[in-house]
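Hello,

I am passing on the structure we talked about.

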Amino acid sequence: MSQNHLNPHTNNGMAQYDAHGIWMPELSMGEFRELTELLGLHLGFRFPDSKQKLVAARLASRLRDLGLVSYHDYWLLLRRPEEKTELQRAIDLVTTNETSFFREPSHFDFLRDELIPPLAKQGRPVRIWSAACSTGQEPYSIAMTLAESLGMHADWQVLATDISERVLAHARHGLYAMHDADQISLELLKKYCLKGNGEYEGQFLIERALRNRVRFSQVNLMNAFDPELAHFDGVFLRNVMIYLESDRRDEMIERLKDRINPGGYLIVGQAESMAIKTSGFTLVQPSIYRRNS
Ligand SMILES: C[S@@+](CC[C@H](N)C(=O)[O-])C[C@H]1O[C@@H](n2cnc3c(N)ncnc32)[C@H](O)[C@@H]1O
């Protein structure tokens, strides 16, 4: 039970205010642990103690909006089975969604030069899954690569999933700040993106034809996959495993393996290469694994 049920309206000297004079509830280590244990159960993460301030900053506005005076009260609320929507909001707030177009460019070179050509030669469709797609820059980069290699009307598909509904909404919309385009070549930008003007000045939109080739859906990688989920020639699972607890990560990789066609590839973030301990994969280059036949 937390000791920190602060009332911001009492002047007990413990309430904090941010630089704008807005009340910031205090998150004790006990409250941090109970909250992140609950959220971690869904996310598969173990939040290190160093994330205490970050979690407090991300959730403070929800406490204010809900009129709650402590994080312990928020934890009590989130534990209620009927509070699924609030739990989703909390998950949206604590996940880190940093991403960019053509991030870790060697993966897109691999897609273009190694993954696609043999399938194209055999006339087989190409199915790629961006399994923690964040705000969409990764699946749209994949889609541009496929469209360039195979053409817009060829038989290829991109599935893009994430646990966070907030990032999925952004991804479906496909609207980005102009500075996000830094990693997109001028040629691809002209072909697949529309420059905004008027109220969209300083932004660009992924062109509808390309947007329609990416299917977005919410999937929590910690749960069993829908039996209807397809099988893929490549799965991008990048920059999501960093905080995953090792046993849950191994279980997830095992389940993912079943969704990769024999000879297909699992592509992880360059900082995550050591995370793959599951048998049945062969490392073909740093951070790229081939599923054994
Ligand atoms: C740092 S972003 C990485 C985005 C992209 N893959 C990249 O490398 O640029 C991590 C994403 O993983 C998502 N995520 C975290 N836990 C997840 C889970 N259990 N299931 C599905 N997605 C998850 C987060 O919502 C976030 O959008």
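For Asn-239, an N or O atom in the side chain is 2.8 Å from an oxygen atom of the ligand. The ligand alone exposes 600 Å², and the protein buries 97% of that (Shrake-Rupley method, 1.4 Å probe).

A note on the source: this is a predicted model, where local features need pLDDT of at least 70, side-chain atom pairs count only at pLDDT 80 or more, and totals for chains, interfaces and linings use all residues. Residues are numbered from 1 along each chain as its sequence is written, and side-chain values use heavy atoms, with hydrogens and water left out.

In total, 21 residues surround the ligand (a heavy atom within 4 Å of it). Arg-103 and Asp-162 are among the closest. By class, this shell has eight nonpolar, eight polar and five charged residues (Asp, Glu, Lys and Arg count as charged; Gly is among the polar ones).

The "binding site" annotation in the unreviewed UniProt entry includes Asn-97, Glu-138 and Asn-220; such annotations may be inferred rather than shown by experiment. Asn-220 is in the loop between β8 (214-218) and β9 (232-237) (strands are DSSP runs of E, at least two residues).

Regards

Technical notes. Polar contact = N/O pair within 3.5 Å; in protein donor to acceptor, adjacent residues only side chain to side chain. Helix = DSSP H or I, 4+ residues; strand = E, 2+ residues; numbered from the N terminus.
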